[in-house]
Amino acid sequence: MAPPMCLLVFASPLSLWKQAWAPPVGSSSAEALDRLLPPVGTGRAPRKRTTSQCKSEPPLLRTSKRTIYTAGRPPWYNEHGAQSKEAFAIGLGGGSASGKTTVARMIIEALDVPWVVLLSMDSFYKVLTQQQQEQAALNNYNFDHPDAFDFDLIVATLQKLKQGKSVKVPVYDFTTHSRKKDWKTLYGANVIIFEGIMAFADKTLLELLDMKIFVDTDSDIRLVRRLRRDISERGRDIAGVIKQYNKFVKPAFEQYIQPTMRLADIVVPRGSGNTVAIDLIVQHVHSQLEERKLRWDMAALASAHQCHPLPRTLSVLKSTPQVRGMHTIIRDKETSRDEFIFYSKRLMRLLIEHALSFLPFQDCVVQTPQEQDYAGKCYAGKQITGVSILRAGETMEPALRAVCKDVRIGTILIQTNQLTGEPELHYLRLPKDISDDHVILMDCTVSTGAAAMMAVRVLLDHDVPEDKIFLLSLLMAEMGVHSVAYAFPRVRIITTAVDKRVNDLFRIIPGIGNFGDRYFGTDAVPDGSDEEEVASTT
């Protein structure tokens, strides 16, 4: 059992303790208010966004000093692909508008570990009855009472996330006080941050939290923040916000939220302005992850993959003069879009036909028109399904349809969460009974392997056997090959070429450029990244 964080904080040097906990001295009330209001920046250097060669492939890691490359298997998987350790769950409580979400983002930024999930309690408000809806419209419904939350669903969701399983999280609309029809799919990670005003209000929920943090912010500051948020983001008026605050928010804080401060391992005064306290929290979490063997020496792993031969599950199309000639054309930056599309399609056709040779076949005998027996081969599976990782993966669909009669097609859209930097599933359409099929998973290029690995996890979550998944890509980096093969050693990886390295932006070198932009004739993202910006895809 780790020592309480409060002991860790108080054991720090006196000067550090004063910087973390003492209020500012010699400041006017206006300056103090400005200091406590959410800052424009966190005071840290901004995270450098990682990118991938394909717009449909978001990054797995952040490019910082510590994390470079995971060399494969996500930390919560063992060598058999099964859950090895439960995720480390952090509870983040505090009053409404105390800065919990901002603190959570700062912790994620400073933690700098792959695969972090941020789960907000705001998603779990109960579905209101018609009468409650009418009361809410008049600001007469208490959203700050424990009864307003679906704790059973919260506990079930957190339990599954800690086990590394996928969950469906409701999406709440604060303007209409109701849940939307669409639910958001999240996958387990090695760190889960759960934040909400009632984060410590349920006994069963408390038992799931490995660390509890209470964000303590002055009530006046919380009111100012709430006014600004509810008016600008939720379409409320000043009178309504103040009425709700005085009638429900303030009394609920005093009765239900503030008393839970005693349950916290650490109390963070001044919220996101207390960067020293956040650094101490991050140090403690790192030590806990090391004890659980959930934190790796990323630099060592990054260099280790260079010494390992390419995995046996990888098959590269034979580099004939024809194949090399087509690669020369599509890699040339001067190649026109029409030629790029033409020769890419030719390579895709060859790649698909090569991949089909790895499907299971059995002996069969047929009669020719001359009434003679012919000993041949027949496909031994039930059906073949293609699944494209949007958007560039869909360019392979015509080639697959051209060689596989009646093939079924599914699609997956994976995008980066801009708050956490982690890949998330945004859209999924898979044929029914896909678990019995051989699945050809298609993407244009694979750099880090982040999107490919998450797509494989989605297929496994739909009961597709790992050895029935075939990952196809026109071009892969060695980093991506090792990542996928280490995480999923029974997935067959098939490509037309493997380039040895990626640059600091995780672009394949020498590479092919942004495949999606070159194929569809669209412009690159202004900052030069290969990452696609998609709005409202959920």
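**Exercise 1. Determine how R349 and E353 are paired, and where the two residues lie.**

Step 1. The side chains of R349 and E353 form a salt bridge with an N to O distance of 3.0 Å; the term denotes a side-chain nitrogen of Lys or Arg within 4 Å of a carboxyl oxygen of Asp or Glu.

Step 2. Both residues belong to helix α13, four residues apart, about one turn of the helix. Helices (H or I, at least four residues) and strands (E, at least two) are DSSP runs, numbered from the N terminus.

Step 3. R349 is partly exposed, at 36% relative accessible area, and E353 is partly exposed as well, at 37%. Buried means under 20% relative accessible area, exposed over 50%, and partly exposed in between (1.4 Å probe, protein chains only).

The model is predicted: local features need pLDDT of at least 70, side-chain atom pairs count only at pLDDT 80 or more, and totals for chains, interfaces and linings use all residues. Residues are numbered from 1 along each chain as its sequence is written, and side-chain values use heavy atoms, with hydrogens and water left out.

**Exercise 2. Examine the salt bridge between R331 and D499.**

Step 1. The closest N and O atoms of R331 and D499 are 3.0 Å apart. The structure holds 13 salt bridges.

Step 2. R331 lies in helix α12 and D499 in strand β17 (residues 498-499), so the pair ties together parts 168 residues apart in sequence.

Step 3. R331 is partly exposed at 24% relative accessibility, whereas D499 is buried at 8%.

Step 4. For comparison, D406 and K405 also meet in a salt bridge (3.0 Å, N to O). Here D406 is exposed at 62%, and K405 is exposed at 74%.

**Exercise 3. Identify the buried residues of helix α12 and what covers them.**

Step 1. In α12 (residues 321-331), the buried residues are V323, M326, H327 and I330.

Step 2. Seen down the axis of α12, these residues fall within an arc of 100° (taken from the directions from the helix axis to the C-beta atoms), so they line one face of the helix.

Step 3. The face of α12 turned away from the buried side carries the exposed residues P321, R324 and T328.

Step 4. The cover over the buried residues includes α13 (337-356), β15 (469-477) and α17 (515-520).

**Exercise 4. Describe the aromatic pairs Y141–F143 and Y519–F520.**

Step 1. Rings of Phe, Tyr and Trp (its six-membered ring) pair if their centres lie within 6.5 Å; planes under 30 degrees apart count as stacked, over 60 as edge-to-face and the rest as tilted. By this rule there are ten aromatic pairs.

Step 2. Y141 and F143 are edge-to-face, at 4.8 Å centre to centre with 70° between the planes. Both residues are buried.

Step 3. Y519 and F520 are edge-to-face too, at 5.4 Å centre to centre and 70° between the planes. Y519 is buried at 9% relative accessible area, while F520 is partly exposed at 30%.

Step 4. Ring pairs also link Y125, Y141, F143, F149, F151 and Y172 into a cluster.

**Exercise 5. State the overall composition of the protein in helices, strands and buried residues.**

Step 1. The protein contains 17 helices and 19 strands.

Step 2. Of its 538 residues, 53% are buried.

Definitions and conventions. Contact means heavy atoms within 4.5 Å.
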